[in-house]
Amino acid sequence: MSSAAALFEPFKLKSLELDNRIVMAPMTRGFSPDGVPTDDVAAYYARRAAADVGLILSEGTLVRRKGASDNPNYPLFHTDAALSGWQKVIEAVHAEGGKMGPQIWHQGLLRKTGTGHFPDAPSDSPSGITHKGKQLFEAPSDEEVADMVAAYADAAKSAKELGFDTLEIHGAHGYLIDQFFWDVMNRREDKYGGSLPERARFAGEIISEIRKAVGPDMPIILRFSQWKQQDYAARLAETPQEFEAFLKVFVDAGVDILHASQRRFWEAEFPEVDGEKGLNTAGWAKKLTGLPTITVGSVGLSSEFTGAMRGEGSKTRPITDVVERLEKGEFDLVAVGRALLQDPEWATKVKEGRTEELSDYDAKAMATLY
């Protein structure tokens with residue numbers, strides 16, 4: 001049986017130096033009234049920084065587009081009050097020796113008009129079309145799309161100024177950027193529509209503008225997924241060749257790390273191809289691009305996250321296989337979600353071999369900020 005030693009090897013990329021390979025996965029919480037992170041939010045992240053989490057990726061933080069969110073308790077990343085709150089968060093994490101990046105987010109058409117911090121604002125999307133083909137409003141103009149791109153870059157600039165160590169762009173799970181990727185929602189006939197690489201142009205421009213905003217040394221992470229909240233069976237790329245063309249857009253734009261979101265990390269992304277059998281999404285992304293990748297999806301637990309949304313718990317699952325894959329170089333970093341949400345000392349217990357102390361996941365943890 002493999003030990004967990006590979007999880008606790010250092011990692012360095014540009015200005016980012018991590019003590020180990022464990023990443024706290026971004027998890028939506030909703031404990032920031034009027035979009036402002038509280039002292040409790042700062043303490044929540046600092047507890048994990050103090051307990052051997054190598055890199056913390058925050059819950060989704062909202063760009064300045066007013067239709068970015070459906071919940072006024074999700075944190076903003078653009079008002080003076082919200083940025084002051086995030087300043088306290090990163091200072092608390094750094095005080096414990098931790099490293100952290102905000103996840104920059106926009107819900108797109110998953111946000112219903114009339115909700116969120118600015119209820120009167122319209123929702124953004126690539127084409128004004130739902131995943132079921134219903135036309136809700138006209139497609140945004142080129143100028144509006146350009147402002148969406150700029151909103152991500154503005155948030156990244158603030159992250160750099162506040163002293164964050166990296167940042168992540170949320171391009172997964174059926175939210176705004178992923179809606180541009182997805183042909184059922186992106187019916188544009190301009191440069192942002194068409195083939196999969198053309199539909200990836202929106203994210204490519206966001207990466208390019210963020211690079212200008214943060215400079216050459218701050219690593220940029222992009223999170224993406226094949227599956228969507230609107231359709232768990234959805235796929236953007238059916239073959240490694242399509243996947244490579246998709247990812248090349250982000251590589252050319254200057255992304256540094258690819259965060260490949262799966263519901264279950266142990267599942268193969270493609271059937272056996274050219275002798276490769278069993279690589280997961282992060283494994284294929286690394287193989288095709290050469291970039292460092294993060295794997296994620298039910299690490300430490302036996303069932304995937306949708307059960308937690310229904311109030312279901314999950315049994316623990318040994319981490320032997322994720323460690324073995326890490327040792328083989330399939331991916332570079334391992335993101336842990338619900339297991340760390342419930343137990344801030346999860347990483348320390350794994351490091352010290354106290355696996356008998358790891359407990360089953362209780363969905364009631366979603367209701368707390370421990």
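Visitor: Two strands count as paired when DSSP finds at least two bridges between them. With that in mind, which strand pairs with S8 over five bridges?

Guide: In this predicted model, that's S7, residues 220-228, and the pairing with S8 runs in the parallel sense. Phe 224 stands opposite Ala 260 in S8.

Visitor: And what helix sits between S7 and S8 in the β-α-β unit?

Guide: Helix H7, residues 240-253; the unit it makes with S7 and S8 is right-handed.

Visitor: How many bridges are there between S8 and S9?

Guide: Four, again in the parallel sense. Ala 260 turns up here too, with Thr 295 as its bridge partner in S9.

Visitor: Is S8 mostly covered or open?

Guide: Mostly covered: five of its five residues, 257-261, are buried. Ile 257, His 259 and Ser 261 point one way, Leu 258 and Ala 260 point the other way, and all of them are buried. In a regular strand, side chains alternate between the two faces of the sheet.

Visitor: OK, over to S5. Why is S5 described as largely enclosed?

Guide: Because six of the six residues in S5, 100-105, are buried, the rest of the structure largely encloses this strand. On one side you have Met 100, Pro 102 and Ile 104, and on the other Gly 101, Gln 103 and Trp 105, so to speak a strand with both faces covered.

Visitor: Which strands pair with S5 in the parallel sense?

Guide: S4, residues 55-62, pairs with S5 over five bridges, and Ile 56 stands opposite Met 100. To get from S4 to S5 the chain passes through helix H2, residues 80-95, in a right-handed β-α-β crossover. S6, residues 167-173, also pairs with S5, over two bridges. There, Ile 104 has Ile 169 as its bridge partner.

Visitor: What's the handedness of the unit with S5, H3 and S6?

Guide: Right-handed, with H3 spanning residues 142-162.

Visitor: Which of them gives the most?

Guide: H11, with three residues. By class, the lining of this pocket has ten nonpolar, nine polar and three charged residues.

Visitor: What's going on with phi just after H10?

Guide: Gly 329 has a positive phi there, about 85°.

Visitor: Last one: how many cavities of 30 Å³ or more are there?

Guide: One. The largest cavity holds about 40 Å³ of space. Its lining is Leu 62, Val 63, Arg 64, Arg 65, Lys 66, Ala 68, Ser 69, Leu 76, His 78, His 117 and Phe 118.

How values were computed
Residues are numbered from 1 along each chain as its sequence is written. This is a predicted model: local features need pLDDT of at least 70, side-chain atom pairs count only at pLDDT 80 or more; totals for chains, interfaces and linings use all residues. Side-chain values use heavy atoms; hydrogens and water are left out. Ala, Val, Leu, Ile, Met, Phe, Trp, Tyr, Cys and Pro count as nonpolar, Asp, Glu, Lys and Arg as charged, and the others, Gly among them, as polar. Buried means under 20% relative accessible area, exposed over 50%, partly exposed in between (1.4 Å probe, protein chains only). A crossover is right-handed if, with the strands pointing away from the viewer, the path from the first strand over the helix to the second runs clockwise. On a 1 Å grid over the protein atoms alone, a cavity is a set of points where a 1.4 Å probe fits but cannot get out, and a pocket is an open set with protein on both sides within 12 Å along at least five of seven lines; lining residues have an atom within 4 Å of a point. Grid points are joined across faces, edges and corners, and a volume is the space filled by probe spheres set on the points.
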